[in-house]
Amino acid sequence: MKNLLSAATLALAVGASGLAVAEPVKIGMITTLSGGGAGLGVDTRDGFMLAIKQSGNKDIEVITEDDGQKPELAVQIADKMIQSDQVDILTGIVWSNLLMAVAPSAVAQGKFYVSTNAAPAALAGANCNPLYFNAAYQNDNLHEAMGEYANKDYKKLFIMAPNYPAGKDSLTGFKRYFKGELAAEVYTQVGQTDYAAEIAQIRASGADGVFAFLPGGMGIAFMKQYAQSGVNIPIMGPGFSFSQDVLPAIGDAALGVKASGQWVKDLDNEANKKFVADFQKEYNRLPSLYAVQAYDAAQLILSAAANADVKDTEAFRAELLKADIKSPRGNFKFNTNQHPIQDIYVTEVTKEGDVLTNKTVEKIFTDHGDAYAKDCKM
């Protein structure tokens with residue numbers, strides 16, 4: 001680890017806010033604010049900035065740029081943020097293919113990366129890094145929960161995801177726990193909007209259920225077309241395919257869908273009640289899974305910055321590892337690979353008045369880690 005971490009330095013001053021830092025902490029947020037994935041990035045940005053605003057901390061500077069869901073653009077932005085803006089920490093990327101293009105280079109240049117969402121298996125195991133933290137999950141986790149839950153009612157499933165790192169992780173995770181038969185395993189194009197061929201395959205598959213991981217605009221398009229097709233085979237998926245940011249666009253076609261997540265709006269703890277109320281007051285909408293993950297990422301950075309200079313890499317990392325935050329998720333701690341250990345729930349899409357949202361069905365995993373931590377040698 002010594003070759004990856006810089007030598008410790010002492011803080012030169014304590015800011016008025018109580019931060020033990022010599023100068024403001026600069027955070028570069030690269031996220032998707034345009035195109036079909038914009039809702040995910042907007043919730044990421046807003047959840048992160050809510051925590052920063054609530055802290056009242058004037059020694060944190062956040063620079064936000066839109067990656068347009070394009071890996072090459074994300075790399076250009078990251079290079080500019082590191083070399084010109086001289087950020088200390090990068091965060092915010094939604095998509096795993098973009099994260100794989102940015103994070104390895106960022107940590108190699110001595111910058112922390114704290115992920116608000118993307119969590120590819122490649123960075124959780126043998127390629128883990130002391131400067132890379134994931135505040136969300138590991139990509140397989142929510143899909144593993146649905147695989148376990150599906151064992152209760154389904155014998156033969158059609159499973160489907162986009163052909164990129166998170167899609168492959170999703171189906172790997174689902175298959176790790178599902179014990180039944182697979183009618184088909186299908187990988188679609190990233191950004192695909194026409195699912196007529198896949199729906200025809202589902203209709204003819206003989207499956208008694210469908211597991212689909214299609215985040216953002218992909219899921220919106222698929223669910224609308226599926227509802228119009230007349231195919232009545234039940235759909236299930238991970239929570240971020242049916243999160244608060246996409247439910248209004250999907251509409252009633254999502255009602256009754258079972259999903260999985262490490263956070264649900266109705267979790268009964270004080271931190272969650274406050275977060276949901278504060279987010280609604282600030283943005284006039286309900287928060288999504290993406291918002292709470294980003295909120296916690298900001299909380300982690302704020303907590304570490306309150307006790308260590310970000311330039312003192314060893315000390316700052318030690319503070320991040322403590323995960324000393326009150327998460328709306330409830331219990332939260334880091335595994336040995338700096339990915340979360342947390343509870344995971346099965347949820348159901350329902351309506352509260354005219355608003356589509358998710359409610360808790362049951363807890364499916366308690367203190368769940370990931371399958372790759374054993375390969376991480378930090």
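**Close-up views of a predicted model**

View 1. At a relative accessible area of 21%, glutamate 348 comes out as partly exposed. Buried here means under 20% relative accessible area and exposed means over 50%, with partly exposed in between (1.4 Å probe, protein chains only). A salt bridge, by the way, is a side-chain nitrogen of Lys or Arg within 4 Å of a carboxyl oxygen of Asp or Glu. Strands (E, at least two residues) and helices (H or I, at least four) are DSSP runs, numbered from the N terminus.

A word on the model: it's a predicted one, where local features need pLDDT of at least 70 and side-chain atom pairs count only at pLDDT 80 or more, while totals for chains, interfaces and linings use all residues. Residues are numbered from 1 along each chain as its sequence is written, and side-chain values use heavy atoms, leaving out hydrogens and water.

**View 2. Arginine 285 meets aspartate 43.** This salt bridge brings the closest N and O atoms to 2.7 Å apart. Arginine 285 lies in the loop between α9 (270-283) and α10 (289-305), and aspartate 43 is in helix α1, so the pair ties together parts 242 residues apart in sequence. Across the structure, the salt bridges number 21.

**View 3. Lysine 53 and glutamate 282.** Here the side chains meet in a salt bridge, 2.9 Å from N to O. It's another link between distant parts of the chain, with lysine 53 in helix α1 and glutamate 282 in helix α9, 229 residues apart. Lysine 53 is exposed at 54%, and glutamate 282 is partly exposed at 35%.

**View 4. Strands β1 and β2 side by side.** Strand β1 (residues 25-31) runs parallel to strand β2 (residues 60-66), and 7 bridges join them. Getting from β1 to β2, the chain passes through helix α1 (residues 38-55) in a right-handed β-α-β crossover. Right-handed means that, with the strands pointing away from the viewer, the path from the first strand over the helix to the second runs clockwise. Look for isoleucine 30, whose bridge partner in β2 is glutamate 65. Two strands count as paired if DSSP finds at least two bridges between them.

**View 5. Inside the largest cavity.** This one holds about 150 Å³ of space. The lining has 16 residues, and Ser243, Trp263, Val264, Leu289 and Asn358 lie nearest the centre. The elements giving two or more residues to this lining are β10 and β13 (355-368), with β10 supplying the largest share, 3 residues. A cavity is a set of points on a 1 Å grid over the protein atoms alone where a 1.4 Å probe fits but cannot get out, and lining residues have an atom within 4 Å of a point. Grid points are joined across faces, edges and corners, and a volume is the space filled by probe spheres set on the points.

Key. 1 Å grid on protein atoms, 1.4 Å probe; cavity = no way out; pocket = protein on both sides within 12 Å on 5 of 7 lines; lining within 4 Å.
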